[in-house]
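Student: I want to go through this model and ask what lies behind each label. Please hold every value up to its definition.

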Amino acid sequence: MQTEYIYIIMKIIAINGSPRKEGNSARLLQKWVDGFIYLHPETEVEWVNLYSLKYTGCRSRFACKRKEGKFYGQCPIKDDIHDLIEKVYDADAVAVAAPIYFGDLGAYTKAFLERALFSRTSYRLHHDSLAKKPVPVTMIYSMNCPREMAEEHHYPMVWEGEEWYIANAFRYPVKRVVAYNTYQFNNYDDYEMEMFKEEDKRRYRDEHFAADQEAAYYAGIDTAEHSEVNKM
Ligand SMILES: Cc1cc2nc3c(=O)[nH]c(=O)nc-3n(C[C@H](O)[C@H](O)[C@H](O)COP(=O)(O)O)c2cc1C
């Protein structure tokens, strides 16, 4: 008797919310992809650099909420993220890497999420999602400040708030990966940076960034396991 193997082809989307294509966000995001692929080598990966796209935040026209409207539950704006918004709800997993700017997610990430989330968030009594299936989302944050400063400035509260809406729209608990105290340049001496010492930054990076990347990698593996269960 012949044994039949069923291969599950996964589709994942990795979204880089940093203007830097090889910065901290991109490197952490790549590890998440690597972790996912470790479990599912046949995975189709779509990598998106948000800063290569032209789009706006929500225009508040409520077409996605209009009863029996043509765009009910969808974003009608036809710009560079129109198709991406549809694809993320169809994917087996999504990761979004957001650099932290002024204590919040960077503007490109924020505008993308605004559009993606509002189209699927209903104003029905229980605020439930219009997404057709659950999609696991991993949020990856990286920032210049150390953990204590981030906590003092309530960054985790910002992430919790954002993740509540993401989990609600995507119908799945959000996974979080965080990298603090990131190394920003190769040449600190060329910039006005009295607040930071290059050697301290470098030492912290050398001692911690590998662990942050590992956390992203394991989040990828863990997501792959969950996506597999979702697909069965
Ligand atoms: C406009 C701007 C604002 C920033 N604001 C903050 C901030 O409020 N807190 C912080 O910890 N880091 C802040 N940073 C630093 C970045 O979050 C940090 O360098 C991050 O790791 C960059 O990710 P990337 O390497 O993927 O671009 C800011 C950077 C920029 C360019």
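Student: What makes up the lining of the second largest cavity, by class?
Tutor: It has 4 nonpolar, 2 polar and 2 charged residues. Ala, Val, Leu, Ile, Met, Phe, Trp, Tyr, Cys and Pro count as nonpolar, Asp, Glu, Lys and Arg as charged, and the others, Gly among them, as polar. The lining residues are Tyr-180, Asn-181, Thr-182, Tyr-183, Tyr-204, Arg-205, Phe-209 and Asp-212. This is a predicted model, in which local features need pLDDT of at least 70 and side-chain atom pairs count only at pLDDT 80 or more, while totals for chains, interfaces and linings use all residues. Residues are numbered from 1 along each chain as its sequence is written, and side-chain values use heavy atoms, with hydrogens and water left out.

Student: Why is a space called a cavity, and not a pocket?
Tutor: On a 1 Å grid over the protein atoms alone, a cavity is a set of points where a 1.4 Å probe fits but cannot get out. A pocket is an open set with protein on both sides within 12 Å along at least five of seven lines. Lining residues have an atom within 4 Å of a point.

Student: How many cavities of 30 Å³ or more are there?
Tutor: The count is 3. A volume is the space filled by probe spheres set on the grid points, which are joined across faces, edges and corners.

Student: Which residues lie nearest the centre of the largest cavity?
Tutor: Cys-58, Arg-59, Cys-75, Pro-76 and Ile-77, out of 14 lining residues. By class, that lining has 8 nonpolar, 2 polar and 4 charged residues.

Student: How do you know that Cys-58 is in no disulfide?
Tutor: A disulfide is a pair of cysteine sulfur atoms within 2.5 Å. The nearest cysteine sulfur to that of Cys-58 belongs to Cys-64, 6.4 Å away. Cys-64 is therefore too far for a bond. The search of the whole structure finds 0 disulfides.

Student: Why is Cys-64 called buried?
Tutor: Buried means under 20% relative accessible area, exposed over 50%, and partly exposed in between (1.4 Å probe, protein chains only). Cys-64 has 6%, so it counts as buried. Cys-58 has 33%, which means partly exposed.

Student: How does α1 compare with its expected span?
Tutor: α1 (residues 24-39) reaches 24 Å, close to the expected 22 Å. Leu-28, Trp-32 and Phe-36 are among its buried residues.

Student: Which element gives the most to the lining of the largest pocket?
Tutor: β3, with 3 residues. That pocket has a volume of about 430 Å³. Its lining has 12 nonpolar, 9 polar and 1 charged residues.

Student: And what classes line the second largest pocket?
Tutor: 4 nonpolar, 2 polar and 5 charged residues. Among them are Glu-86, Asp-90, Arg-120, Lys-132 and Lys-133. Helix α2 (residues 82-90) gives the most, with 3 residues. The volume of this pocket is about 200 Å³.

Terms used:
Helices (H or I, at least four residues) and strands (E, at least two) are DSSP runs, numbered from the N terminus. The expected span of a helix is 1.5 Å times one less than its number of residues.
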